[in-house]
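Hi everyone, thanks for making time today.

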Amino acid sequence: MRVVAITGFSGSGKTTLILRVIERSVAAGQRVGCIKHTHHPLNEEDRGDTGRMRKAGAERVILANSGQAVIFEAAGTRRVTYGEPRELLAHFAATDLVLIEGWKGYDGWPNYSVDEARELFGC
């Protein structure tokens with residue numbers, strides 16, 4: 001599994017880039033998943049950025065805040081707890097690419113700025 005975290009300030013284009021990478025990767029036959037970090041209370045409504053990521057082709061999307069997460073997938077929605085963010089990768093065992101939005105201060109996976117990620121994916 002390839003893991004790429006895209007970090008940047010609000011409005012820098014993180015979500016737009018992630019949606020483009022999901023679409024391209026799925027079209028190339030890859031299985032893609034996403035993790036989105038939020039500082040807001042969690043919800044179990046498949047809407048907003050998580051809904052857009054699923055509509056773009058991500059098989060599983062996790063919305064996570066500090067220690068809790070909601071997993072969105074075809075089988076439904078469920079809540080999980082975790083200790084450190086890297087533990088969330090266990091939910092993507094059969095996934096080729098996991099795109100992560102946020103956690104810019106976390107060094108448990110490769111972090112790229114929006115511009116670096118654009119170069120990495122050729123977008």
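Just after helix 1, G29 takes up a positive phi of about 90°. Helices here are DSSP runs of H or I with at least four residues, strands are E runs with at least two, and both are numbered from the N terminus. A word on the source: this is a predicted model, where local features need pLDDT of at least 70, side-chain atom pairs count only at pLDDT 80 or more, and totals for chains, interfaces and linings use all residues. Residues are numbered from 1 along each chain as its sequence is written, and side-chain values use heavy atoms, with hydrogens and water left out.

On confidence, pLDDT is the predictor's own score for each residue, from 0 to 100. The mean for the protein chain is 94, and 100% of its residues reach 70 or more.

Buried means under 20% relative accessible area, exposed over 50%, and partly exposed in between, with a 1.4 Å probe and protein chains only.

Now, how many of the residues of strand 2 are buried? Six of the six, residues 32–37, so strand 2 is largely enclosed by the rest of the structure. V32, C34 and K36 are buried on one side, and G33, I35 and H37 on the other.

Which strands does strand 2 pair with? Strand 2 pairs in the parallel sense over five bridges with strand 6, and likewise over five bridges with strand 3; pairing requires at least two DSSP bridges. C34 has L99 as its bridge partner in strand 6, while K36 stands opposite L63 in strand 3.

Finally, the largest nonpolar core has 18 residues, and I6, I18, I22, C34, M53, L97 and L99 touch the most other members. Such a core is a set of buried Ala, Val, Leu, Ile, Met, Phe, Trp, Tyr and Cys residues joined through side-chain atoms within 4.5 Å. Helix 1 gives the most to this core, with five residues.
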